[in-house]
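Good morning, and thank you for the time. I would ask you to look at the sequence and the structure together while I speak.

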Amino acid sequence: MKNWSFKVKCKPSEISKNLEASLGAANGFVFTIKNNQNDLISFKIRKRLLYAWYILYHNNVVVKGSLSNAEGKGETNVNISFSQHLLWKFVIFVHLLLALSFVIAIFLGSNDIAMYVLAIITLAIGVFLWLRLQKKYERNIQEYKDLICNLL
């Protein structure tokens with residue numbers, strides 16, 4: 001999870017209306033907004049996935065943010081956190097757990113060459129996915145930062 005904080009010279013209500021108008025369902029985003037106590041507005045943004053194979057192409061970052069009044073007049077504190085989509089964390093975890101179970105089976109007495117190959121391939125896929133998704137995660141965070149900067 002990565003955090004990003006900055007100040008904007010607008011009121012929180014104006015910013016939330018601008019974000020809602022720009023990132024609505026018509027633009028392919030899932031955007032939810034909540035007005036909390038003490039003039040705190042929280043929001044959540046993620047890309048809408050229409051089909052299962054879109055997960056490979058869309059950015060898989062979930063953005064959670066909050067807007068609050070700053071000490072200065074007409075200023076807003078914007079706090080945003082970026083996290084990776086839960087589905088991708090689950091896919092990586094399953095591959096690494098499966099590879100670990102194959103390695104344990106090898107140590108418990110299965111000396112079959114096919115088991116060695118299966119363990120190595122599964123572990124390689126898990127590590128490759130993890131490294132690839134970390135690069136994609138960083139690139140998608142930068143895309144969201146650019147999008148939010150342009151909107152504000």
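**A walk through the chain**

Let me begin with isoleucine 45, which lies in strand S3, residues 41-47; strands here are DSSP runs of E with at least two residues, helices are runs of H or I with at least four residues, and both are numbered from the N terminus. Isoleucine 45 counts as buried because its relative accessibility is 1%; buried means under 20% relative accessible area, exposed over 50%, and partly exposed in between, with a 1.4 Å probe and protein chains only. Its C-alpha atom is separated by 8.1 Å from that of leucine 23, 22 residues away along the chain.

A word on conventions. The model is predicted, so local features need pLDDT of at least 70 and side-chain atom pairs count only at pLDDT 80 or more, whereas totals for chains, interfaces and linings use all residues. Residues are numbered from 1 along each chain as its sequence is written, and side-chain values use heavy atoms, with hydrogens and water left out.

Now the overall plan. The protein chain has three helices and five strands, arranged along the sequence as β-α-β-β-β-β-α-α. Of its 152 residues, 34% count as buried. If we take contacts, meaning heavy atoms within 4.5 Å, between residues at least 6 apart in sequence, 57% join residues at least 24 apart.

I turn to helix H2, residues 86-107. Which residues of H2 are buried? They are Trp88, Ile92, Ala99, Phe102 and Ile106. Helix H3, residues 113-151, is included in what covers them.

The face of H2 turned away from the buried side carries the exposed residues Leu86, Phe90, Phe93 and Phe107. Phe90 and Phe93 also belong to a nonpolar surface patch, together with Leu87, Val94, Leu97, Leu100, Ile104 and Leu108, with about 800 Å² of accessible area together. Such patches are made of residues with over 30% relative accessible area and no salt bridge, like charges being joined within 9 Å and nonpolar side chains (Val, Leu, Ile, Met, Phe, Trp, Tyr) within 5 Å. Areas come from the Shrake-Rupley method with a 1.4 Å probe, and for residues only the protein chains shown count as cover.

Alanine 105, also in H2, counts as partly exposed because its relative accessibility is 25%. Apart from residues up to four places away in sequence, alanine 105 touches Ser110 and Met115. After H2 comes glycine 109, with a positive phi near 130 degrees.

Finally, how many salt bridges does the structure hold? There is one, a salt bridge being a side-chain nitrogen of Lys or Arg within 4 Å of a carboxyl oxygen of Asp or Glu. The pair links distant parts of the chain, 136 residues apart: glutamate 138 in helix H3 and lysine 2 in strand S1, residues 2-8. Their side chains meet at 2.8 Å, N to O. Glutamate 138 is partly exposed, at 36% relative accessible area, and lysine 2 is partly exposed at 35%.
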